[in-house]
Amino acid sequence: MQAAEKAREPLFDGPEWTFELMEKARDAIEEIALEDLGLDVYPNQIEIISAEQMLDAYSCVGLPLMYQHWSFGKHFARDEALYRTGRQGLAYEIVINSNPCISYNMEENTMAMQTLVMAHAAFGHNHFFKNNYLFQQWTDAAGIHDYLAFAKNYIAACEERYGPMAVEEVLDAAHAMQSQGVFRYGRPPKPTNEELVAMQKVREGYESGQSVLDIWTDSTLGRDKLELVEDADYSARRKMMNLPQENILYFLEKHSPVLEPWQCEILRIVRMLAQYLYPQKQTKVMNEGCATFVHYYIINKLHEQGQITQGAYMEMLHSHTNVVMQPEYDDPRYSGINPYALGFAMMQDIRRICQDPTDEDREWFPDFAGNPDWRGVLRDAWANYRDESFIQQFLSPNLIRKFKLFTLTNDAELPNLVVSQIHNRAGYKAIRRDLAKQYDLAYLEPDIQVTDADLRGDRELKLTHTVRDGIHLDEDDQEEVLKHLRRLWGYDVRLDAVEATTES
Amino acid sequence: MHHFIDRRANPKGKSLGNRQRFLRRARENIKERVDQSVRGKSIQSGSGVPDEGEKVTIPTRGLKEPRFFHSSKGGMRRHVLPGNKDFVVGDTIKRPQGGAGQGGRQASEDGDGEDEFSFTLTQEEYLEILFEGLELPDLVEKATVETETIGTRRAGLTTAGTPNNLNLVRTMRNSLGRRIALQRPTTKSQRELEEQIAELEALDERTPPQEEFLEALRKRLEGIIRKRKVVGYIDPLDLRYDTFVPEKIRNSRAVVFCLMDVSGSMQEREKDLAKRFFLLLHLFLERCYEHTELVFVRHTHHAQEVDEETFFYARETGGTIVSTALEKMKEIIEERYPPDEWNIYGAQASDGENFGNDSVRCKNLLLNDLLPVSQFYAYVEIVDEAAEMLLNNPEAGEDLWQNYREVKAQAKHFEMQRVSQPGHIYPIFREFFLPKVKGIQHAGS
């Protein structure tokens with residue numbers, strides 16, 4: 001075996017890539033990824049795209065197909081301006097959580113970069129998408145293309161029928177509440193059978209006529225049910241409307257008294273896509289850490305086996321080093337913690353703890369310190385955690401020292417910022433907890449819930465913002481979003497801030 | 001299972017729809033900036049609208065995508081930062097100015113905090129916005145006329161035709177070939193023979209062999225003469241004539257004459273308005289013709305052809321005699337721009353003042369000399385902003401206005417309008433071109 005590995009020829013020599021060379025490289029990567037690392041991936045579809053197409057993909061949140069909206073045009077114009085003036089480079093690749101797993105590689109990449117990118121995206125990210133529990137539970141990788149195609153066509157059909165301005169109005173409003181359009185904690189109540197049938201009819205019939213639109217509307221359904229409980233008190237109403245409800249878009253879709261069925265469907269599209277993208281927001285560090293670890297392992301393996309030349313290896317390492325660079329807090333380049341850097345370091349650290357544990361590691365990680373199957377430990381971590389829980393579980397004192405992490409407390413009541421924890425024995429646990437919290441979306445994003453709406457009474461939609469740690473909403477934007485919300489609800493909307501009862 | 005796809009050849013402009021929606025949305029903001037950028041521009045081609053597009057920076061109002069997010073101020077936050085050097089627990093750091101803390105930037109999604117937004121408009125988009133509402137592509141086809149002259153084009157050779165079309169070279173070449181083939185005796189050989197005969201005849205006494213020789217010579221000469229008669233120097237068979245077919249020639253060159261009164265009464269404001277008008281006309285025509293030229297004629301009581309810089313910015317004093325400019329235009333046309341080769345456009349800006357009865361002269365010049373050779377002639381009168389009465393009443397006006405009204409009554413391709421502020425320029429421009437379209441449609445139906 002050893003001899004056979006030594007005898008391998010380099011896969012390529014020189015910077016130019018061809019499809020034949022990429023195929024060869026892909027096969028070599030696949031061998032290591034599947035047989036050595038034991039990854040489990042969706043079939044890959046690797047697409048070569050130009051810079052302009054990369055900008056296209058950028059503007060549409062990386063999705064291959066997207067309905068049309070002015071904000072995507074705005075993002076495109078901005079990214080293009082930044083790119084043309086050289087102030088922003090483009091990613092080497094974009095990868096989509098779908099089955100088959102689509103990754104876009106830039107045509108400008110050298111062969112060495114294409115190899116690196118394939119290892120990173122087509123195997124690293126791909127494995128993560130297929131195996132992480134959040135993606136498994138919340139996204140439908142096989143169905144996303146069909147859904148995107150449906151969304152695009154549906155919205156185009158709506159534009160044709162109701163006019164682009166009317167559609168834009170709904171989309172603007174829905175986009176404003178994108179972050180409030182996901183279920184964070186619980187699944188939505190399953191649609192009843194009659195709802196499913198009616199929804200299907202609406203979709204099939206979106207160009208065929210008004211009649212279907214009359215059959216089913218969420219509002220009529222909602223109203224019918226409300227009539228049954230005509231004298232229902234507050235608690236019955238809450239039960240009927242599933243209150244409190246964290247998913248505002250879902251609530252509007254089901255209960256808004258003014259929205260037409262097609263408008264509800266648009267809200268649904270926006271929240272479905274928000275929900276589809278939500279796990280990616282929750283796993284930035286892990287996802288990039290996993291992909292970076294995989295590409296790093298693979299290029300080293302390829303190099304050991306003599307399958308890549310010294311020059312190509314150096315080029316890959318150069319790029320890898322740039323990606324995982326973490327500037328310190330007082331560096332002008334500092335802009336937060338680099339998820340690549342933290343993720344990669346944590347994966348490497350887990351491997352180290354398995355292979356070469358110190359006494360400290362054994363004390364902190366008794367479950368896996370010294371476990372000979374580091375591949376299994378990593379795969380298990382990739383499958384069962386999200387950023388917050390992953391950091392809480394796996395960040396070691398070793399890494400805290402390496403990054404020289406410290407916690408700065410910013411209390412508006414005090415005149416100065418206070419260094420509350422540093423990388424010492426007393427601080428490890430607290431720093432780990434604080435860092436984990438920085439990746440908890442439920443904490444980062446405002447907690448706003450629908451708490452009441454009396455359709456029989458004043459029809460005012462009541463929202464409650466649970467204020468934690470005294471952090472309120474940005475007022476300018478809040479007003480703007482509420483305007484959108486009023487448009488969708490049709491009646492007055494009130495947003496109350498309530499201090500959280502338990503300090504977390 | 002696994003495969004590669006080359007997407008590079010996919011049709012471009014996947015996000016074109018998004019861009020159009022974005023431009024529509026930002027129209028107001030963009031238009032404001034485009035208008036500003038026009039003001040500072042030269043109207044000469046090249047310096048006007050760059051081919052690669054125009055960079056605009058617009059305010060983000062109306063383009064905001066609001067979201068619920070945490071305020072960057074107040075409350076209690078903890079930030080974990082890398083790179084501790086010498087802090088120990090309990091150290092205090094001055095709050096960064098603005099009190100935003102490190103969390104601030106992250107909160108504002110998509111950089112929406114920026115007030116301005118820069119991007120590049122393509123030249124097409126730039127002009128589209130500049131000529132907003134003009135529905136340019138449609139209008140261009142109908143509103144601009146390319147002159148057509150009937151020219152002739154060579155169309156080969158024929159064997160029949162009029163003598164003036166005789167193609168000598170071809171005819172002579174045929175003749176030569178035929179003469180060589182049929183061995184037509186040359187004049188030279190005939191002359192030599194005749195000389196020999198004359199020599200012999202000149203002798204007083206001839207010996208019998210000489211007599212015989214002479215006889216033989218005479219016979220040969222006779223043969224030669226006969227053959228030369230039979231084989232003509234030029235035979236009808238040799239004749240070749242050029243043929244010409246008539247053909248329409250489209251002229252895709254245009255010249256725009258910018259005529260402006262620069263006498264003391266024309267101030268900065270008036271000139272700025274005039275400039276915008278000229279700029280629009282030039283930009284508009286530049287899209288229709290392969291090649292456009294600008295001629296700047298300024299006038300006081302006498303007219304001068306000048307360059308753009310002088311035209312707009314130099315000062316001149318004197319009276320006002322409008323006809324001098326028209327004379328000058330006529331002169332330049334005669335000198336340099338034959339109407340059958342050039343599409344001539346005239347644009348005149350003035351504050352409406354003219355000397356004595358010169359306006360009648362202007363009318364005649366226009367009707368008799370200029371309008372017959374022009375595609376279009378536009379007159380804008382720049383009036384005081386306070387002179388609303390004039391704006392609303394096309395019948396009122398001074399001498400020049402009244403005379404031009406008569407011109408308008410007689411010539412379809414003459415247009416006149418009053419303006420008092422930049423906002424008027426686009427609408428009148430549209431008016432100038434719209435009636436014309438209607439006219440053509442009527443003619444067609």
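**Close-up views of a predicted two-chain model**

**View 1. Chain B in outline.** Of the 445 residues of chain B, 29% count as buried. The model shown here and in every view below is predicted. Chain B is built from 15 helices and 13 strands. Take the contacts in chain B between residues at least 6 apart in sequence: 83% of them join residues at least 24 apart.

**View 2. The side of chain B that touches chain A.** Here 54 residues of chain B meet 74 residues of chain A. Five elements of chain B each give two or more residues to this side: β1 (3-6), α1 (16-25), β3 (76-81), β4 (92-94) and β5 (116-121). By residue class, this side of chain B holds 18 nonpolar, 19 polar and 17 charged residues.

**View 3. Strand pairing between the chains.** Strand β5 of chain A, residues 416-421, pairs with β4(B). The pairing is antiparallel and runs over three bridges. Within β4(B), Thr92(B) stands opposite Val418(A).

**View 4. Confidence along chain A.** The average pLDDT of chain A is 85, and 88% of the residues score at least 70. Over residues 1-5 of chain A, pLDDT stays under 50. The model gives residues 1-5 one contact beyond four places in sequence. Residues 206-231 of chain A also have a pLDDT below 50. That stretch, residues 206-231, has 33 contacts in the model beyond near neighbours in sequence.

**View 5. A three-stranded open sheet in chain A.** The strand order is β6-β7-β8 (chain A), and the pairing is mixed. At the edges lie β6 (447-453) and β8 (493-499) of chain A, each pairing on one side only. Direction ignored, neighbouring strands of the sheet are turned by 30° against each other on average. Strand β7 of chain A, residues 461-467, runs parallel to β8(A), and seven bridges join the two. One residue pair to locate is His465(A) with its bridge partner Ala497(A) in β8(A).

View 6. Asp469(A) sits in the loop between β7 and α24 of chain A. Asp469(A) is not a glycine, yet its phi is positive, at about 55°. Asp469(A) counts as partly exposed because it has 17 C-beta neighbours inside 10 Å, and a buried residue needs 20 or more.

**View 7. Helix α15 of chain A, largely enclosed.** Helix α15(A) covers residues 284-304, 21 residues in total. From first C-alpha to last, α15(A) reaches 30 Å, close to the 30 Å expected at 1.5 Å a residue. Of its 21 residues, 17 are buried, so α15(A) is largely enclosed by the rest of the structure. Just after α15(A) comes Gly306(A), with a positive phi of about 75°.

**View 8. Phe368(A) and its contacts.** Phe368(A) lies in the loop between α18 (359-364) and α19 (374-384) of chain A. Leaving out residues up to four places away in sequence, Phe368(A) touches Ile353(A), Cys354(A) and Val377(A). Arg351(A) is 17 residues from Phe368(A) in sequence, and their C-alpha atoms are 9.9 Å apart. Phe368(A) has 19 C-beta neighbours inside 10 Å and therefore counts as partly exposed.

**View 9. Backbone exceptions in two loops of chain A.** Most residues other than glycine have a negative phi, and most peptide bonds are trans. The bond between Asn99(A) and Pro100(A) is cis, with omega about 0°. Pro100(A) is found in the loop between β2 (93-96) and β3 (101-106) of chain A. Lys404(A) has a positive phi, near 50°, in a residue other than glycine. The loop that holds Lys404(A) lies between α21 (397-403) and β4 (406-411) of chain A. With 16 C-beta neighbours inside 10 Å, Lys404(A) counts as partly exposed.

Notes
Residues numbered from 1 in each chain as written. Chains lettered and ligands numbered in written order. Predicted model: local features only at pLDDT ≥ 70, side-chain atom pairs only at ≥ 80, totals over all residues. Contact = placed C-beta atoms within 7 Å. Helix = DSSP H or I, 4+ residues; strand = E, 2+ residues; numbered from the N terminus. Nonpolar A, V, L, I, M, F, W, Y, C, P; charged D, E, K, R; others polar. Pairing = 2+ DSSP bridges. Buried ≥ 20, exposed ≤ 12 C-beta atoms within 10 Å, placed from the backbone. pLDDT = per-residue confidence, 0-100. Axes fitted to C-alpha atoms, helices over the stretch in contact; angles between N-to-C directions. Expected span 1.5 Å × (residues − 1).
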